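Here is a short briefing on one protein chain.

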Amino acid sequence: VPAAVYDTHAYYEPGAIGFLFHVVHAFLYVVQPNPFPKDLIVKVIQQNMGGIKIEEWRKWAYYEVGFLICTTVGVLVLVLTPVIGACFCVCRCCENCGGEMHQRQRKNADCQRGFYTASLVATSVLIIVGVAIAYAANHNMSMHVKSTRRFINTNIRDLKTLANNTPSQVDYLTGQYATAKNKVLSELDNIGPLLGGRIHSQLQKEVVPSLDSALRLAGAMRETKEALENVSSSLEVLQEGTGKLRASLSDERASLSNTLSDPACTNGAVSHTCTSVRATLAQLGTSADFSRLADVNQALANVNIILGTDLSNIVQKGYSSFNDTPRLVKEQTRNIVSGVKSMLDKIGTEINGFAKMFPVESSLANFSVFLTQQQKTVESYYPQLDQMDFYRWIGCVGTLCMVVLVLAFNLLGLLCGTCGYDKQATPTTRGCLSNTGGNLLMAGVGFSFVFSWVLMGIVTTLFVVGGNVEKLLCEPLANRQLFKIIDTPFLVHPAKKNFLPGMLFQNPNIDLTLGGMYRECYENNGLYHALQLETMFNINAFLNRTVYNKDLAKVLEGVQVDLQGISLLEQAGRDALINFANSGIGYVDYESYLAELNKGVTLVDLLTFSADLEAQADQLPRGALENALKGHASSIRQIHREQVVPLEQAMSTLSQSIKQLQRTSNDLPVKVTNILSAIDAAEYLIAHNASHVVKQETKGYMQSLVGYFRQYTQWVQNSLAGEVAPCKPLSNMVDSMEIVACSFIIDSVNTFWFGLGGCTILLIPSIIFSIKLAKYYRRMDTEDVFEEHSPH
């Protein structure tokens, strides 16, 4: 919410004079240490100041006992001072009370004169301090009264800011409904991917694994075909190759046997070698016999027929059909989405109508005009206030001038008396300067009697008023005890519980208190929450009724999605799986194949046989027999290279294919049955049990839509409580009035009478010391004479 910036800083730091304020507060606490009489004041107000019982008067007198004592002392001084002064004047005119111009000689006269001088100096210094305190308080008041204008201007400006910003803030609140509505509309426009995606993600846990298994089996079919083709071709190669190899080895064996029949082998040295070679002729033969193995042509033909049906494409169609769930959802909810959109537009119109129903803008505009007029009215009084403050300042200075006049006579008397005093002079021969000092001191005494009762009257009046205002208004306002009095239930009328709501809303039963409102505004919370306007204009209830209306809930609950049109595997795909299980690859005699493949192509390794034959030929004498045997060894190597190696490669290919076919055919019918069962279960889930999933995901989707409105209403509630029309200016007004009335005025007034009262009290010892000291400075008419008598 666009925030308002307020200018008023309701805080006051008195500075150095704050120490004097604390001293005065401490003095008032000594005079009045009793706690604030909240209950007594409440009882007095409830009795409408009439018929107050004697017991209440006693309690009030007990509370005011400190002020009563001090006021009594002040009144006594006020009354007795002029009486005593008149009597003193008459007495001195009769040459009594020190009026006789005669001074008796005493041995300690110098000591007494010094004591009276020091005492009068100390008293005068204290009076000067009191005058300084009073003048500082007087100046502080004048200085801060001028700054009161700043408080008035900033407070009125803040109230205008509050009034001017509130309509735009309210419009911002209502305008943000469009944000929530647009978000919901965006969700509804994407209901296919969102709701359909939710349903798809829940169902795919059962559907996708079954389709994946079928797709893997489709790949296995193609691999099976390749393996069968490899078996068929390899088997033909092996059958043909082993026949040729068998004939070649037979021919080589016969030729080698003829060579060994040569007469040279009958020689004794050679016959052993020939016999040894002859014994190995039986090893020149084939080992594996592939002619006995049955072919796989029938199984290959069956698989080729099965692959005529593109199972992979059929499974991909199943994927596509299942992945088409978001489109189905969008098509089946098209009418519901359009209905919800029209209802949301209607809700927005109702919210705007509710906001326009209250004349907030016009009322606040009138309030701003009123504030402007009041500001002009207040400013028109500024010259008069300045003039009144000037007169007050002049009056306070004039009052202090009374004390300053007495101080002037005292100080001049001390100065003249001390400077003109001659120890050698007798009382009748004192000089003019000394006599003038004494006369000035007596003049100060006379003015003290003339002014002291006036000063005491001023001090007593200010003390009673300022002290009680401090104790009964400023202190309770500072610690908020005053709010507790105002907020006392049934204070004004026995039938009206709360004063503030009764005055504002004509409903005293609303639980709204001035203290609670001040606390809310001090924390800069919204005016709606501070005044508890929800008791009269419950916006949250309206939003709940409007945004969460039954018609909208009924429409949203009517969302239904039918997924029965989804087909995961066509019948052709099912037939292909079943035919693959019955293709015959499970009936191939894999054990016979593996048994023949585990045998070698030949009975003996031909390379080893030829190497041994050459080694034995090397043992023979050089000649035709040796060359013939080496020729046979070379022929055997050629047979291995040209016939045995290709056959070994064909056997390796056949071995891999046979093992692959054996793995594929292992429990193939069971695998196919399981895949078909999983697909059937997934289709049954989609066709019959998906309604629960759809209902659950639809509920979650609708809750997410409603969540935007809940977030909006909660945001409105929080904004009204803390951001819309923040009422800090109201608490600032109270704090500003407290600062002006108590800190600027009452503290200054109390400090003024405190300083002036001290001066007035000190005039009493000043009178005494001045009268006593004047005897030592004034020229006497007579003096004591001491004659010396000679002895007789």
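In which helix is the place of Thr 608? Thr 608 sits in helix α24, residues 606–618. This is a predicted model, in which local features need pLDDT of at least 70, side-chain atom pairs count only at pLDDT 80 or more, and totals for chains, interfaces and linings use all residues. Residues are numbered from 1 along each chain as its sequence is written, and side-chain values use heavy atoms, with hydrogens and water left out.

**Domains**

- The protein chain is divided into two parts: domain 1 covers 16–156 + 387–497 + 738–782, and domain 2 covers 196–323 + 565–690.
- These bounds come from an automatic or database domain assignment.
- The centres of domain 1 and domain 2, taken over C-alpha atoms, are 129 Å apart.

**Transmembrane annotation**

- The unreviewed UniProt entry places the feature "transmembrane region" at residues 65–94, 115–137, 390–419, 440–465 and 752–771.
- UniProt positions follow the numbering used here, feature names are shortened, and annotations may be inferred rather than shown by experiment.
- Residues 115–137 are 100% helix and 0% strand, with end C-alpha atoms 33 Å apart.
- Residues 390–419 are likewise 100% helix and 0% strand. Their end C-alpha atoms lie 41 Å apart.
- Helices (H or I, at least four residues) and strands (E, at least two) are DSSP runs, numbered from the N terminus.

**Disulfides**

- The structure holds 2 disulfides, each a pair of cysteine sulfur atoms within 2.5 Å.
- Cys 474 lies in helix α15 (residues 432–478) and Cys 742 in helix α27 (residues 728–777), so the pair ties together parts that are 268 residues apart in sequence.
- Cys 474 and Cys 742 are both buried. Buried means under 20% relative accessible area, exposed over 50%, and partly exposed in between (1.4 Å probe, protein chains only).
- A disulfide also joins Cys 521 to Cys 727, with an S to S distance of 2.2 Å.
- The link of Cys 521 and Cys 727 is left-handed, with -105° about the S-S bond.
- Cys 521 lies in helix α18 (residues 514–522) and Cys 727 in the loop between α26 (668–722) and α27, so the pair ties together parts that are 206 residues apart in sequence.
- Cys 521 and Cys 727 are buried.
- Cys 111 is exposed, at 58% relative accessible area.

**Packing of α15 and α27**

- Two packed helices are described by the angle between their axes and the distance between the axes.
- α15 and α27 pack at about 155°, with their axes 6 Å apart.
- Axes are lines fitted to C-alpha atoms, for helices over the stretch in contact, and angles run from 0 to 180 degrees between N-to-C directions.
- α15 and α27 are therefore roughly antiparallel. Angles over 145 degrees count as roughly antiparallel, under 35 as roughly parallel, 65 to 115 as roughly perpendicular and the rest as oblique.
- The crossing of α15 and α27 is left-handed. That term applies if the near helix is turned anticlockwise from the far one by less than a right angle; clockwise makes it right-handed.

- Thr 608 counts as partly exposed, because its relative accessibility is 38%.
- Thr 608 and Ile 585 are 23 residues apart along the chain, and their C-alpha atoms are separated by 39 Å.
- Arg 641 is in helix α25, residues 624–665.
- Arg 641 counts as exposed at 53% relative accessibility.
- Arg 641 and Leu 606 are 35 residues apart along the chain, with C-alpha atoms separated by 9.4 Å.
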